[in-house]
Amino acid sequence: MPTSGLVITLNPDAPEAHRTSAAIHDHPSFTCADSPSPIRLPAVLETPHRRADRIAWDWLNALPGVLQVDVVFIHFDQADRPAADAIVAPQAASETDPKTDSKTAPSLHAPAGA
């Protein structure tokens, strides 16, 4: 379950700022804290999986009157984290494996030539 701590800044000059704030408060994935500032909205976004998280982020960024979203923290449950095997290093340089005479990408964990 992705969880994001956010501070959402609304445009104070936008006529829809109040409606935008109400829409964020009413969205089931957002929990909003009281704020003394009508344009700075502290919020937590909790979604069941990464796809729902992306949809909520896209929705938030498309709202009229949202100037910026500051990310305070992001937490992914273990099930939401990408597997280490799925992370691929850039293949800027490759080396020839003398045993197989085939090209291999440099290791992520050892310095080149080690």
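Two strands are taken to pair if DSSP finds at least two bridges between them. Helices (H or I, at least four residues) and strands (E, at least two) are DSSP runs, numbered from the N terminus.

This is a predicted model, in which local features need pLDDT of at least 70, side-chain atom pairs count only at pLDDT 80 or more, and totals for chains, interfaces and linings use all residues. Residues are numbered from 1 along each chain as its sequence is written, and side-chain values use heavy atoms, with hydrogens and water left out.

**Colour by confidence**

Start with pLDDT, the predictor's confidence in each residue, from 0 to 100. The protein has a mean pLDDT of 76, with 68% of its residues at 70 or more. Select residues 84–97: pLDDT is below 50 here, and the stretch has 19 contacts (heavy atoms within 4.5 Å) in the model beyond near neighbours in sequence. Then select residues 102–114, where pLDDT also stays under 50 and the model has 18 contacts beyond four places in sequence.

Four of them form an open sheet in the order 2-3-1-4, with antiparallel pairing. Strand 2 and strand 4 stand at the edges with a single partner strand each, so one side of each has no neighbour in the sheet. On average, neighbouring strands are turned by 25° against each other, direction ignored; the axes are lines fitted to C-alpha atoms, for helices over the stretch in contact, and angles run from 0 to 180 degrees between N-to-C directions.

Select strand 1. Eight of its eight residues are buried, buried being under 20% relative accessible area, exposed over 50%, and partly exposed in between (1.4 Å probe, protein chains only). Thr3, Gly5, Val7 and Thr9 point one way from strand 1, while Ser4, Leu6, Ile8 and Leu10 point the other way.

Strand 1 pairs with strand 3 over seven bridges and with strand 4 over eight bridges, in the antiparallel sense with strand 3 and with strand 4. Where are the bridge partners of Val7? In strand 3 the partner is Pro42, and in strand 4 the partner is Asp70. Leu6 has Ala43 as its bridge partner in strand 3.

**Helix 1**

Select residues 17–26. Ala17, Thr20, Ser21 and Ile24 are buried in this helix. Viewed down the axis of helix 1, the buried residues fall within an arc of 100° (taken from the directions from the helix axis to the C-beta atoms), so they line one face of the helix. His18, Arg19 and Asp26 are exposed on the face turned away from that buried side. The cover over the buried residues includes strand 1 (3–10), strand 2 (30–32), strand 3 (40–46), helix 2 (50–62) and strand 4 (66–75).

**The core**

Now select Leu6, Ile8, Ile24, Phe30, Leu60, Val66 and Val69, the residues with the most contacts inside the largest nonpolar core, which has 15 residues. Such a core is a set of buried Ala, Val, Leu, Ile, Met, Phe, Trp, Tyr and Cys residues joined through side-chain atoms within 4.5 Å. At least two core residues come from each of strand 1, strand 2, strand 3, helix 2 and strand 4. Centre on Val69: beyond its neighbours within four places in sequence, Val69 is in contact with Leu6, Val7, Ile8, Trp57, Leu60 and Asn61.

**Asp53**

End in helix 2, at Asp53. Is Asp53 buried or exposed? Asp53 counts as buried because its relative accessibility is 10%. Not counting residues up to four places away in sequence, Asp53 touches Pro2, Ser4, Leu45 and Thr47. Thr3 lies 50 residues from Asp53 along the chain, with 8.5 Å between their C-alpha atoms.
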